[in-house]
Amino acid sequence: MAPPSDPAAILQRYLDVAHDAMRWKLEGLDEYDIRRPLTTTGTSLLGIIKHVAWVELGYFGDVFQRPHGIAMPANADEVNADMYAQVDESVDDILDLFATAQAHATEALAELPLTTEGHVPWWGANNPVTLHLITIHMVTELHRHLGQLDILREGLDGAAGHRDGVDNLPDVDAAFWPMHVAELDAIARKATGIPSP
């Protein structure tokens, strides 16, 4: 763990933990489940990874005039274009983009002081920011989207856990969960006056 006297190292650790856990949420799934829409707004596992990669490239690139050199997709102006993978964008392509974005963020934190000032064009005209603020913003962005991946993955195949090697779940056998869910449903029904099926 990073020493508490090194804020940049602490922020880097939280970025890395989120990146690693996001990759882990895709492990063991077939390509269709990784790509397919899982919500009423079309959110997919791979779409979240693609979105986070482009957002991260923007914040650690454009905001601090650190070009990343990656061409925007041809359909970049399309509504929600960053939230799904095109047919010709493979899972590996998106994961490579995600790794590139992570590396670009890591370089920014290694090369620039946290007090470095930048400007977020999409936040409006007068919005000076620091690398410190943007890194906190990206830590929250990554962990927010990681929570989405958690729920979507659990809905697909029941796989749950905090990150690889740390599931952060009670030490119970598989039979516990269906009984627990049934008990919670009974509580919700009783509290709201809805009869049991």
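Trp123 is partly exposed, with a relative accessible area of 38%; by the scheme applied, buried means under 20% relative accessible area, exposed over 50% and partly exposed in between (1.4 Å probe, protein chains only). In this predicted model, local features need pLDDT of at least 70 and side-chain atom pairs count only at pLDDT 80 or more, whereas totals for chains, interfaces and linings use all residues. Residues are numbered from 1 along each chain as its sequence is written, and side-chain values use heavy atoms, with hydrogens and water left out. Trp123 is placed in the loop between strand E1 (117-119) and strand E2 (128-130); helices (H or I, at least four residues) and strands (E, at least two) are DSSP runs, numbered from the N terminus. Together with Trp122 and Leu133, Trp123 makes a nonpolar surface patch of about 320 Å². Patches are made of residues with over 30% relative accessible area and no salt bridge, like charges being joined within 9 Å and nonpolar side chains (Val, Leu, Ile, Met, Phe, Trp, Tyr) within 5 Å.

The protein comprises 6 helices and 2 strands, which follow the order α-α-α-α-β-β-α-α from the N terminus on. The C-alpha trace spans about 60 × 45 × 35 Å along its principal axes. Of the 197 residues, 36% count as buried. Among contacts (heavy atoms within 4.5 Å) between residues at least 6 apart in sequence, 70% join residues at least 24 apart. The accessible surface comes to about 11400 Å², of which carbon and sulfur atoms hold 58%; accessible areas come from the Shrake-Rupley method with a 1.4 Å probe, and for residues only the protein chains shown count as cover.

With regard to charge, the protein has 12 positive and 30 negative side chains, and the centres of the two sets lie 6 Å apart. Lys and Arg count as positive and Asp and Glu as negative, while His and the chain ends are not counted; the place of a charge is taken as NZ of Lys, CZ of Arg, CG of Asp or CD of Glu. A patch of negative charge on the surface is formed by Asp88, Asp92, Asp93 and Asp96. Within this group, Asp92 lies in helix H4 (residues 91-111) and counts as exposed because its relative accessibility is 53%.

The whole structure contains 9 salt bridges, each defined as a side-chain nitrogen of Lys or Arg within 4 Å of a carboxyl oxygen of Asp or Glu. One of them joins Arg35 and Glu31 (3.1 Å, N to O). Arg35 and Glu31 are separated by about one helical turn, because they stand 4 residues apart in helix H2 (residues 31-35). Arg35 is partly exposed at a relative accessible area of 23%, as is Glu31 at 44%.

A further salt bridge connects the side chains of Lys50 and Glu89 (2.8 Å, N to O). This pair links distant parts of the chain, with Lys50 in helix H3 (residues 45-60) and Glu89 in the loop between H3 and H4, 39 residues apart. Both Lys50 and Glu89 are buried.

The side chains of Arg66 and Glu107 also meet in a salt bridge (3.8 Å, N to O). Here too the pair links distant parts of the chain: Arg66 is in the loop between H3 and H4 and Glu107 in helix H4, 41 residues apart. Arg66 counts as buried at 12% relative accessibility, whereas Glu107 counts as partly exposed at 36%. Arg66 and Glu107 are linked with Glu111 in a network of salt bridges.
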